[in-house]
Amino acid sequence: RTLLVGDEPRDIVFAGADRAFITTAHRGQHRTHTSIAAVPGAGDPQLTTAGVDRADVWVFDASALADDPALGGTPVKIIELFGDTPRALAATPDGNTVYAAVFHSGNQTAVVNESTVCNGFDSTPCNGDGITSPNGLPGGQLPGGNPGPAMSVHNDPAPEVGLIVKYDEASGEWRDELDRNWSNGIRFDLPDLDVFAIDAETLAMTDSFPHVGTVLFNMAVNPVDGTVYVSNTDSINEVRFEGPGGGGSTVQGHLAEARIALIDGNGVVSSRHLNKHIDYNIAPAPAGTKQHSLATPLDMVISSDGTTLYVAAFGSGKVGVFDTSTLADDTFDPAAQSAQYLTTTGGGPAGLALDESRNRMYVLTRFDNAISMIDLVSGSETGHYPMNDPEPIFVKNGRPFLYDAQLTSSNGEASCASCHIFADFDSLPWDLGDPDGEVIQNPLEINLETLVVSFDQASPNINGTGNIDDLHPMKGPMTTQTLRGMVNSGAMHWRGDRSVGVFGTSATDSVLSFINFNVAFPGLVGNDAPLSNNDIRSFADFALTIALPPNPVRALDNSLTASQQAGRDLYFGPRRMDGLPIDLTNDPNGDGFTCEGCHVLDASQGFFGTGRHASFENEEQVAKVPHLRNMYQKVGMFGMPDNSFFNAGDNGHKGAQVRGTGYLHDGGTDTLIRFFQATVFNFTSTPFGDTGFLSLQQRLDMEQFMLAFDNDLAPIVGQQITVDGVNSPVDVDGRIDLLLQRANTAFTSKILGGVVTEADIAVKGVVNGELRGWQRLADGTFRSDRAAEAPISAAALRALANPAGQVLTYTAVVPGYGYSIGIDRDNDGILDGDDVCPTVSNADQADSDADGIGDACDNCTLVDNGDQRDSNGDGYGSLCDADLDNDGDIDFFDVSL
């Protein structure tokens, strides 16, 4: 079966009475499918409703799937937990309890919107909107302006910006770095529930555990005492500024601490910093510091006696080894402990498997897509076995510069991936301005720049300096942006800052803008120096190939609902959404834009909201017009005060929410519907026509379109269905037909080469006891993985699954990849079905032990020839390591046989 679940499934465990538990985001096309309408928890994800549980765990009865007629299997329940998208799962040894952890769980930080912060840079209180939040100052009062400094070291006045605040548990107040009470500036609560306990039989949540960490990766349960271990990082985003710290603080080299949290049998949460040897006050870190460090802790395994915990340090090329008793009492010394750490070749250890009977550890190394075998007695790597790897060499060469803290920081803990989690964002705001920096000139074209300058429509202190073309180094809070989908967007950062740098200036060159980030390695990540020119270019070559996933809100057939379509029609005009009742630009439509006039949507150019321009929208800084492809990921913050920028909306306290950031550059705007109530979008009658939204319904329609926004990949990409001769789910043929239909539908995507189709179709299966594969051709027929076989029709292929024991799985894959995924996994020109005994001289990658003999023929190779199939360590391959006549001679060498 292929089980259809919610968006972004991340982990799976089996517990209870043969039940499968799967974590997913609280969205996805299958969530509302009619076949699961009666399932508890299924249905509308309520993306625009406050206070909703947004961490889903799908539960299936594995023993009941064989006769289940539902298209993607019928879950017993979709458990909804109060968090924003889960990742890790773990089950107790008895299978009675399952633990689920929120991925971006946050750390109770949020942003007071710039328009809410009092003007100036002192602690002179001001009146808010008159609403007093729980534990807020009387009368809705706000405690003052930005903490400053008011100028850079070069005496350039800083712009008015928002403010990061953190919830203080003791007082129940939202406080800034000056310990001022900003509770009236935040209209929601963040309970910060991170890990949940679920009864595997009743499927009820039985407990929750707060404050485990900021970003939670993996979990493991001690088989002896039941302690739950959670690998995580804890972000320091409440501290401001990068650089040397001239403004009084800096996060240079101290972005997020690598930790393991322990939840004991009494539910007490304790956190252990894995790198407590680091002195963050010394930057760069002294020589030798990084050799003791572990970065980005991921997978964990525990010995059967519960005394030893192993953790894969993805950003260090190491596996940490800890005595669980020293973790419990926090007595471990990283400087001494590091001598026991296990080192792998290949880099990026991500997954662990413990084989205690042979004193072995198997480690998945993601940087080179291989498996290391480690002897736990000697602590040395005894084998390193590449898996089939279709990734181009520039991807493997560039990936370490995102994750490897040994390469990119002096203390061995910080990396770009400390904030850009798996090349995405971390759902946090950061104030990474630099008071020691210099003002630079913005080369981006600014919409209506002449009008703004001529009529002084902007604040006289625009960008702090009053110059609309300035980019001040003290930019205020900004949320981490995704590294996905950058290639066609030109200048990077929320303001397009990296359009200017040591490698040159360009508003349109994505490569140049990316390599200009090189200054962040010493200034932010805390490395001794920038990367070499070759290394930063390798990083760019990798990073600019990363794409955003298909939109999980849009229908699989790429259609829009009536509301989404109405929003799209409004987006493209001709009605302008903002504008002024004057005409200085000689535009017959007046001075203003449709939504698409600023947020250009042109798939042929790779523009999905950004046209590489900047814009002034009554804010204190000019910002680059951003892309709009991941709006659905930012759902979950509800509640904010009224202010002059919006002057509309429901401004009351909204209670508990799952996220502390929302929309706009600083994440301080809670919802899309509030953004569409900004004063710049209000109805205005001008001599050149009316502008702005006419009704709340128009705003709601636009919100729906934003959540289903166009993307580089069609919604069908990644969808899959399995059919066999026994189980015939209802409408399985209809789903196959949908995949084939979308594979025949034109689609435009610059990253895919222009006009393509929505997907390629690859089919893998078992026919007549053999593993087989097919690729859909342009004429609708299917080519098999054997060159001598003629293509067959879609109906003939489908018929191959009819006899019992035969199975086919259809997958809609990225256009251009049907050949490699379907019929030639190593792209060597020899189809998989003909590639029976590949050799290295044939450039085949299916040679796991690199001994020159293809895996399919490498059954009896001696260990000294590098073969890994020696399960008992006696020197002979497992498939030939038998003594059928019990005469003491291994059969392969037994002349009597």
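Good morning, colleagues. Please keep in mind throughout that the model is a predicted one.

Five strands form an open sheet with antiparallel pairing, in the order 39-45-42-43-44. Which strands stand at the edges? They are strand 39, residues 720–724, and strand 44, residues 782–784. Each has a single partner strand, so one side of each is left without a neighbour in the sheet. On average, and with direction ignored, neighbouring strands are turned by 20° against each other.

For strand 39, the pairing with strand 45, residues 807–813, is antiparallel and runs over five bridges. Within that pairing, Ile721 has Tyr810 of strand 45 as its bridge partner. Helix 14, residues 732–743, packs on the sheet. Helix 14 touches strand 39, strand 42 (760–767), strand 43 (770–776), strand 44 and strand 45. The direction of helix 14 makes about 135° with that of strand 39.

I turn now to the helix pair. Helix 10, residues 562–572, and helix 13, residues 696–707, have axes that come within 7 Å and cross at roughly 100°. That angle makes helix 10 roughly perpendicular to helix 13, because values from 65 to 115 degrees fall in that class. From helix 10, the contact is made by Ser563, Gln564, Ala566, Gly567, Arg568, Leu570 and Tyr571. Helix 13 contributes Gln698, Leu700, Asp701, Met702, Gln704, Phe705 and Met706. By class, this contact holds seven nonpolar, five polar and two charged residues.

Next come the cis peptide bonds. One runs from Gly148 to Pro149, with omega near 5°. Pro149 is placed in the loop between strand 7 (109–112) and strand 8 (163–168). Another cis peptide bond joins Ala283 and Pro284, with omega about -5°. Pro284 sits in the loop between strand 15 (269–273) and strand 16 (297–302).

Finally, I consider positive phi values. Gln46 is not a glycine, yet its phi is positive at about 55°. This residue, Gln46, belongs to the loop between strand 2 (19–25) and strand 3 (55–61). Ser427, also a residue other than glycine, has a positive phi near 65°. The loop that holds Ser427 lies between helix 5 (405–408) and strand 24 (429–430). Is Ser427 buried or exposed? Ser427 counts as buried, because its relative accessibility of 15% is under the 20% cut-off. Gln46, with a relative accessible area of 36%, is partly exposed.

Thank you for your attention.

Note on methods. Residues numbered from 1 in each chain as written. Predicted model: local features only at pLDDT ≥ 70, side-chain atom pairs only at ≥ 80, totals over all residues. Heavy atoms only, no water. Axes fitted to C-alpha atoms, helices over the stretch in contact; angles between N-to-C directions. Helix = DSSP H or I, 4+ residues; strand = E, 2+ residues; numbered from the N terminus. Parallel < 35°, antiparallel > 145°, perpendicular 65-115°, else oblique. Contact = heavy atoms within 4.5 Å. Nonpolar A, V, L, I, M, F, W, Y, C, P; charged D, E, K, R; others polar. Pairing = 2+ DSSP bridges. Buried < 20%, exposed > 50% of the residue type's maximum accessible area, 1.4 Å probe, protein only.
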